[in-house]
Amino acid sequence: MPFLSVEDIRTSYGLSQVLFGLSLEVNQGECVCLLGRNGVGKSTTMRSIMGLTPPGSGRVLWRDQNVAGWPPYRIARAGIGFVPEDRRIFAELSVWENLDVAARAAGRPGRWSIATVCEMFPVLGERRNQPGGFLSGGEQQMLTIGRALVGNPDLLLLDEPSEGLAPLIVDQLREKIAELKAEGLTILLAEQGVAFSLALADRVYVLEKGAVRHTGPASALRDDPALLDQLMAL
Amino acid sequence: MTVSLIAAQLFSGLTTAMFLFLIASGLSLVFGIMRVLNFAHGSFYMVGAYIAWQVVTWLHPTGGAFWIAALASGVGVAILGGVVERLLLRHLYGQEELYQLLFTYALVLILGDTAKFIWGTDQLSVQGPPVLSGGLHLLGTILPYYNLFIIVVGPAIAIGVGLMLSRSSAGRLLRAAAYDREMLGALGANVGLLYTGMFVASSFLAGLAGALITPIVSVVPGMDVEVIVQAFIVVVIGGLGSFWGTFWGAMIYGLTLSFGILVFPEFSLFSVYALMAVVLIVRPWGLFGRPIR
């Protein structure tokens, strides 16, 4: 059985429907990437899984339990960590407070604590008493990832982690995510940056107009630039 | 103007200020964290005053039992607030603010009429605790021990709640909820429960304030609306949603009122409204508030 299985979900914001019967699977230990241009439904897929914009129909099976319709906090406590597109750190809380709030909110013990997160991202330890809003974009992204990790998730949803960051920072971030993957963390990644995602992903889903247009191993796209061009030109 | 007169006005201003702070702090916290403007906060205060009178009358018609009554008021109004939040108000989160205003205004009317139905329209009075009868001779005037008690309790509660917000884990969760409710939920916090807790705590403060004022002011219909107007002025001066702003807003209100009487006896209330107008012109977001992003 897959770890996460999204089955034929349809999701709307008010009257405008964004997802039209989208299905995908993530197995334990995998890094799966959603590819596609702006507006194809990558973030909405993430929000639907997390329960923030619950799907109108279809199922979200997390470890064989249908979590569609659950409030987000129960989904988080069931072991899904969320790194949102716009980061959404608590800007007026210090770095340490951001992490502490997240650890207490999820209340899931495990490998990750504020201390181990600061080992992985030393800059967070150095700036622990500064308000989150004072951090640079890259530091904020690390804080967002750290904030999800202290909840000790079994699956990490990463929505556009490289967006708006300088190339050097993007490289550092990719290494950190690769480390997490090497540790066995299951990751569902949504990215517009193709190089970034293909470097990390085991499998990809290419989305178009709220549904899956193509799925396959990431290696196939890495080795076949023509196929990649064709899919990404959608 | 003599020293004793100034001292007398200072003490009365501080007492008024601390009562207003007790009331306005709950209003301000609920707005700051939940973004709900609770018009019925003054009604909760009034219900607290009536409960205090009722409990004292039941237990000790000749006086006494004041502390038990104060506690009963706080707890009783906290339960009332919890029921209102869980059953009704909860459904209005995320809706237009107008709906919340209409709803809490309806509560003002319902609670006002219910109180008249139960307790009538007579002025009711409650005797203060015997322990605090008498007063302190200070600077040529007498400061009643009960007022002194209020002047001490106000800042104590302010510091307690302030520390809770800035240092405790519950305070961190509340500040995070004020900043981004949805994100906090996605991290695993049950924000609905947090909101209920916040509303219950704010109702407790309103009920307690209602009980504590009964030895000084008689309990009458209409005290709800009178106090909510004052509390709104305090909160507007201090900055909506700012906790310490509410404290200093109450201080400024209380002292302006008591010294305003000395300077313009006919226009004592006018001085407070004038102050609010000046604040709104110079800093529309209040002295300690922040402009809305």
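Biologist: Which residues of H6(B) are buried?
Modeller: In this predicted model, the buried ones in H6(B) are B:Arg172, B:Leu173, B:Leu174, B:Ala176, B:Ala177 and B:Ala178.

Biologist: And what covers them?
Modeller: The cover over the buried residues of H6(B) includes H3 of chain A, along with H1, H5 (145-167), H7 and H8 (191-213) of chain B.

Biologist: Switching to the core. Which residues touch the most other members of the largest nonpolar one?
Modeller: A:Leu157 and B:Ile23, in a core of 160 residues. H1 of chain B, residues 3-34, supplies the largest share of this core, at 16 residues.

Biologist: What does B:Ile23 touch, leaving out residues up to four places away in sequence?
Modeller: B:Ile23 touches B:Tyr45, B:Ala206, B:Ala209, B:Val227 and B:Ala231.

Biologist: OK, chain A as a whole. How many helices and strands?
Modeller: Ten helices and ten strands in chain A. The C-alpha trace spans about 45 × 40 × 35 Å along its principal axes, and buried residues make up 45% of the 234 residues.

Biologist: How does the radius of gyration of chain A sit against a compact globule?
Modeller: It agrees: a compact globule of 234 residues would come in near 17 Å, and chain A has 17 Å. As for contacts in chain A between residues at least 6 apart in sequence, 66% join residues at least 24 apart.

Biologist: Is A:Ile89 buried or exposed, and why?
Modeller: Buried, because A:Ile89 has 26 C-beta neighbours inside 10 Å, and the cut-off for buried is 20 or more. Beyond its neighbours within four places in sequence, A:Ile89 contacts A:Asn98, A:Gly132, A:Gln140, A:Leu143 and A:Thr144.

Biologist: Now the open four-strand sheet in chain A. What's the strand order?
Modeller: S2-S1-S4-S5, with antiparallel pairing. S2 (16-26) and S5 are the edge strands, each pairing on one side only.

Biologist: How many bridges join S1(A) to S2(A)?
Modeller: Eight. On its other pairing, S1 (4-13) meets S4 (57-62) through five bridges, antiparallel again.

Biologist: What does A:Arg10 stand opposite in S4(A)?
Modeller: A:Ser57. In S2(A), the bridge partner of A:Arg10 is A:Phe20.

Biologist: Which helix lies across S1, S2 and S4 of chain A?
Modeller: H1(A), residues 42-50, running at about 70° to S2(A).

Biologist: And S4(A) with S5(A), how many residues sit between them in the hairpin?
Modeller: Two, and A:Arg63 in that turn has a positive phi of about 50°. The two strands share two bridges, and A:Leu61 stands opposite A:Asn66 in S5(A).

Biologist: What about phi of A:Asp64?
Modeller: It's positive, near 70°, in a residue other than glycine. A:Asp64 is in the S4-S5 loop of chain A and counts as exposed because it has 9 C-beta neighbours inside 10 Å.

Biologist: And A:Asp8, what's its phi?
Modeller: Positive too, about 55°, and A:Asp8 is not a glycine. A:Asp8 is in strand S1 of chain A and, with 14 C-beta neighbours inside 10 Å, counts as partly exposed.

Biologist: Last one, back to chain B. How do S1(B) and S2(B) pair, parallel or antiparallel?
Modeller: Antiparallel, over four bridges, with S1 at residues 135-138 and S2 at 141-144. B:Leu138 stands opposite B:Thr141. The two strands form a hairpin with two residues between them, and B:Leu139 in the turn has a positive phi of about 50°.

Notes: Residues are numbered from 1 along each chain as its sequence is written. Chains are lettered from A and ligands numbered from 1 in the order in which they are written. This is a predicted model: local features need pLDDT of at least 70, side-chain atom pairs count only at pLDDT 80 or more; totals for chains, interfaces and linings use all residues. The radius of gyration is taken over C-alpha atoms; the globule rule is 2.2 Å times the number of residues to the power 0.38. A residue is buried if 20 or more other C-beta atoms lie within 10 Å of its own, exposed if 12 or fewer, and partly exposed in between; C-beta atoms are placed from the backbone. Two residues are in contact if their C-beta atoms, placed from the backbone, lie within 7 Å. Two strands pair if DSSP finds at least two bridges between them. A nonpolar core is a set of buried Ala, Val, Leu, Ile, Met, Phe, Trp, Tyr and Cys residues joined through C-beta atoms within 7 Å. Axes are lines fitted to C-alpha atoms, for helices over the stretch in contact, and angles run from 0 to 180 degrees between N-to-C directions.
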